[in-house]
Amino acid sequence: LGALRAVRATLRFAFWSLLAAYFAFGTLLLVTRYYVLPRIDQWRPQIEGIASRALKGTVTMARIEAGWRGFNPHLSLDDVQVTGPRGGPPLALPRVDATVSWFSLASMAPRFVVLRLLSPEVSVVRLADGNFTVAGFVIEPGKTESEGTPALDWLLAQHQVVVRDGHVTYRDDRGDEPTQFELND
């Protein structure tokens, strides 16, 4: 009889916990839909600051629009510029379309179902010491920790990354005469 009471109490607790989680998620969904997304561009400076701190560089964007893709919030960002701590030519992203994953709440970091980078422009320089700079971030091959590692780790952690119509300028400063070429599309 005591075991039956324990099972009933456990089932009752599980039922009420699931019901509370259901209503909490519903409230979160409504707040996101009717309060956060319509005002997203007002929070652009704060979003730029959070992104800049996370990447340890400077992130600027001209405009943010928000909507829905199915059950997930969707963000469209225009004229995003990312510059690392060493300056130099920024990573220019004229248009970024991002479908936010709800797993962002569990990981406490921005996660995306799909991240689309449209017409990105990036400058890659191979320095004389064999390291690379990309948008002002130094990447040291063979080293697990370098300036560019957090940004690359975050990018590669996304579920799906799509790059369209990209433009890469590559310059190799090793040797007597620098070599430069461009890659398109």
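The legends below describe close-up views of a predicted model. Residues are numbered from 1 along each chain as its sequence is written, and side-chain values use heavy atoms, with hydrogens and water left out. Local features need pLDDT of at least 70, side-chain atom pairs count only at pLDDT 80 or more, and totals for chains, interfaces and linings use all residues.

**View 1. Confidence along the chain.** The mean pLDDT (the predictor's confidence in each residue, from 0 to 100) of the chain is 87, and 97% of the residues score at least 70.

View 2. The core has 19 residues, and Leu 77, Val 80 and Val 96 have the most contacts (heavy atoms within 4.5 Å) inside it. Strands E3 (72–83), E4 (91–100) and E5 (112–118) each supply at least two of the core residues.

View 3. Helix H2 spans residues 44–55. Its buried residues are Glu 48, Ser 52 and Leu 55. Seen down the axis of H2, they fall within an arc of 75 degrees (taken from the directions from the helix axis to the C-beta atoms), so they line one face of the helix. The face turned away from this buried side carries Ile 50 and Arg 53, which are exposed (over 50% relative accessible area). Lys 56, with a positive phi near 60 degrees, follows H2.

Terms used
Core = buried A, V, L, I, M, F, W, Y, C linked by side-chain atoms within 4.5 Å. Buried < 20%, exposed > 50% of the residue type's maximum accessible area, 1.4 Å probe, protein only. Helix = DSSP H or I, 4+ residues; strand = E, 2+ residues; numbered from the N terminus. Expected span 1.5 Å × (residues − 1).
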